[in-house]
Amino acid sequence: MEAGLQDRVTRRAGLRPAVGIVHLGLGAFFRAHGAIYVAEAMAASGGDWGILAASLQSAGMRDRLAPQGFAYTALEAGPKGDTAQIVDVIENILVAPEDPAALLAAMADPAVRIVSLTVTEKGYCHLPASGALNFDHPDIVQDLANPLPRSAIGYLVRALALRRQAGVAPFTLLSCDNLPHNGAVLRGVVLQFARALDADLADWIAQNARFPATMVDRIVPATKPEDLDRVARLTGLSDAAPVIHEPFRQWVIEDDFVGGARPDFAAVGVQMVRHVAPFELMKLRMLNGTHSALAYLGYLAGFETISDTVANPDFAAFAQLLWAEITPVLTPPQGVELQAYAAALLARYQNPAIRHRCWQIAMDGSQKLPQRILGTMAEAKGDCPGLALAVAGWMRYVSGRDEAGAAIEVKDPMAAALHLAANSADPVGALLAQRAVFSAAQAAQIDPILRRSYAQLHRLGARTAVTQTLTRNS
Ligand code: CS2
């Protein structure tokens, strides 16, 4: 039996950086992306940017990482082989529901100057179609009525209130989720929540806090049980919570922090820019849009992962068709060539060392489709057979039955409503009527093409429908 990671990581008490960042939402993505950049920035330029991470739901990650001193292995899985590094930048992990007051106190500490978030789209408790705070969300209802929160938004606002009370400047709120204008969306929901509590607090936050927008990118599948052996074989150390990631990474951040206080991100390749929006839109539509499309159609066609899906030449050609639909209505960031960006994406998807399950990407489609796919369709005036087939794939997927009649485990905050709609007499009409996902204008615009795509998918199955869509549009 190999030695454990804990035997290697000697906690250098006294030499550790102080905590300067609280991170909400401790998933694999943050551990393979933001945390590594922060560790590298401190190695390059110093600074007290140790991370206190919080799990907003379960204790699992804390329980696995605590015996290892919160260090873990990040395994970079490339087409030519794996390499591993130990990431040792997390100073502590709190499990929010166990002790909400402890997390609030940590966020109110004046040494903390950044609170970053990877809480996924649904963690913003907003209405995806409009961006407004969902005041009917059960967590928001509870968090407005109680000082001990449940939601990320509740934690942020209650912690900011404590800082204001204590005469401490607010922290920077750094959204690292795949939402368009993520900084502005976060600012919007935080201010709406704060205003419902106390208008003066909302004004103080609006004037003094900062909400830089970011674009984050690295493909990081959920860690699977077999990955533990893969890591132990490579490093000779057992690790209860490694992360597996692709070689590529990108982080673009709007350089707007409270008092300019931040790690030296620029020293480690983060692009610090004035306008993130063009990067964000490109990534959301070209990467995440095609990821979702391949996830629904690939799943229905019986492929397990994205790399399995694009190993099929027709699905790889279908990805190209999607990019051909997306790029004409996209303004690239300065200096970026969209064709080269698309070619690089296909190579990333083809990386056989990354086993990213279609099922994982298919999760939470109601929260993802608007910014990933529907925006392009609206701007392209609905003339997108490839994207329409992808949305039809989602409609089929949320019915909960695959093409062979087997059950699909649909994970989505709207799963129940979607299931009902997708199994009604008029699935396309009933799903297009979901106003959290489709605006009335958009539903009317894409109704005809979606009916055709959905019928085609039903009649032919995903594989043949993909092939037919290609031949019709070649
Ligand atoms: C994926 C993303 O799960 C998903 O929905 O599309 O997690 C994707 O892998 C990342 O955004 C890549 O940066």
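Biologist: How far is a polar side-chain atom of Lys368 from an oxygen atom of the ligand?
Modeller: That distance is 2.8 Å, where a polar contact is a pair of N or O atoms within 3.5 Å. Keep in mind that this is a predicted model, with local features needing pLDDT of at least 70 and side-chain atom pairs counting only at pLDDT 80 or more, while totals for chains, interfaces and linings use all residues. Residues are numbered from 1 along each chain as its sequence is written, and side-chain values use heavy atoms, leaving out hydrogens and water.
Biologist: And how far from a ligand oxygen atom is the N or O atom in the Arg372 side chain?
Modeller: For Arg372 the distance is 2.9 Å.
Biologist: Where does the ligand lie relative to the domains?
Modeller: Domain 1 (6-275) and domain 2 (278-472) both give residues to the shell around the ligand, so the ligand lies between them. Those bounds come from an automatic or database domain assignment.
Biologist: New topic: what kind of aromatic pair do Tyr37 and Trp251 form?
Modeller: A tilted one, 5.3 Å centre to centre with 50° between the planes. Rings of Phe, Tyr and Trp (its six-membered ring) pair if their centres lie within 6.5 Å; planes under 30 degrees apart count as stacked, over 60 as edge-to-face and the rest as tilted.
Biologist: Are Tyr37 and Trp251 buried or exposed?
Modeller: Both Tyr37 and Trp251 are buried, meaning under 20% relative accessible area, with exposed over 50% and partly exposed in between (1.4 Å probe, protein chains only).
Biologist: Which residues form a cluster?
Modeller: Tyr37, Trp251 and Phe265 make up one aromatic cluster.

Methods
Polar contact = N/O pair within 3.5 Å; in protein donor to acceptor, adjacent residues only side chain to side chain.
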